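Please keep the structure open as you read.

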Amino acid sequence: MAVSYHDVIVIGAGPAGLCAGLYTARARLDTVILEKMAPGGQLINTSLIEDYPGFESIDAADLIQKMVSHTQAFGAQILTTEVSEVFSDGWQKVVRTADGDEYRAGAVIISSGGSPTPLNIPGEFEYAGRGVSYCAVCDGAFFRDRVITVVGGGDSAVEEGLFLTRFASKLYLVHRRDKLRAQQIIQDRFIANPTTEIIWDTVADEIIGDDGAVTGMRLRNVKTGEEWVHETDGVFIFIGFDPNTDFIKEPVERDENGYLIGGSHMETDVPGLFIAGDVRTQLTKQITTAVGDATTAAVAATHYLEDLYDRVERPETVATEVSA
Ligand code: NAP
């Protein structure tokens, strides 16, 4: 097992992690960003970005690449490895990976994001970013005057569905039961909207498309067994979101849905542990909010380390091999 010391370890290389790494590396702190897959986070599931200032329209893959290059240009290392544990050992934060390596740091920024719960049906991943979306604010504007279908029956589905009525010529909501889970007040607002129609007791079995774009869904009424093709240009799936926090072995405060709670400096209850982006409880999950959180977390971590290194001796950053 290799053990190395860094000033800052960032967990996750989505927009929040890349931005946090950019700021700490630019502050001349030895920074390593650990990412289990390719960099990009939720941007990987998107095609076009139109709401990131300075880029009226940019391909998500291009934006990721620009963020990666920018972060690396200031000296942050991005390593592909899955984090399995984060805990404190005195003043040092310890990050262990599934590969069996150990990274130590004075500060850790957790920007591990989360994942929208998928339906796991044929066509869903094939058309992700090409008609299938998990984010109304991000992608709603691409469906101006088009037919949109939302799947889910909770607060997210109904609230995001209401937001999507700003764009949709017709907004269907497909729900697997005959009763919504969402709060009554937003249900009433949803039902009163002339653009909306709820398809009750129905599940989606497949998302279908033509020429790389969604054209419809294969739906099935769970009570009657009736199956049909429902025509739609966009499918927005809101059946839950899971923040990635299983590896945190520290008593970090969470909200009732498992999102981490931080202070105004993105600090947690654990000194030296900061949070940023979709893993954090907040109003909305946007690239702009992720990089905003990350900037705050990185500056707060920099100040934290200045104080820390007045009190403790900073170890060498070179990796050493030790027997497990
Ligand atoms: P949720 O409340 O867990 O609702 C998920 C919905 O998706 C449910 O209606 C569920 O159906 C449906 N569903 C789950 N798996 C499905 C599947 N495989 N196929 C089809 N449908 C499926 O999730 P959420 O709406 O994302 O909300 C998460 C939490 O955030 C909730 O506590 C919610 O109250 C909160 N939230 C609050 C606000 C607000 O206060 N403004 C806004 C957004 C979210 P069933 O109903 O049949 O289980």
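1. C138 is partly exposed, at 24% relative accessibility; buried means under 20% relative accessible area, exposed over 50%, and partly exposed in between, with a 1.4 Å probe and protein chains only. Please bear in mind that this is a predicted model, where local features need pLDDT of at least 70, side-chain atom pairs count only at pLDDT 80 or more, and totals for chains, interfaces and linings use all residues. Residues are numbered from 1 along each chain as its sequence is written, and side-chain values use heavy atoms, leaving out hydrogens and water.

2. The sulfur atoms of C138 and C135 are 2.0 Å apart and form a disulfide (a pair of cysteine sulfur atoms within 2.5 Å). The count by this rule is one disulfide. Its S-S torsion is about 70°, so the disulfide of C135 and C138 is right-handed. C135 is buried, with a relative accessible area of 18%.

3. What about C19? C19 is in no disulfide, and the nearest cysteine sulfur, that of C138, is 17 Å away. C19 is buried as well, at 12% relative accessible area.

4. On to the ligand: 16 residues surround it, the closest being D155, S156, E159, R177 and R181 (a residue counts if one of its heavy atoms lies within 4 Å). This shell divides into three nonpolar, eight polar and five charged residues.

5. For G154, a polar backbone atom is 3.2 Å from a ligand oxygen.

Key. A polar contact is a pair of N or O atoms within 3.5 Å; within protein, one must be able to donate a hydrogen and the other to accept it, and residues adjacent in sequence count only if both atoms are side-chain atoms. Ala, Val, Leu, Ile, Met, Phe, Trp, Tyr, Cys and Pro count as nonpolar, Asp, Glu, Lys and Arg as charged, and the others, Gly among them, as polar.
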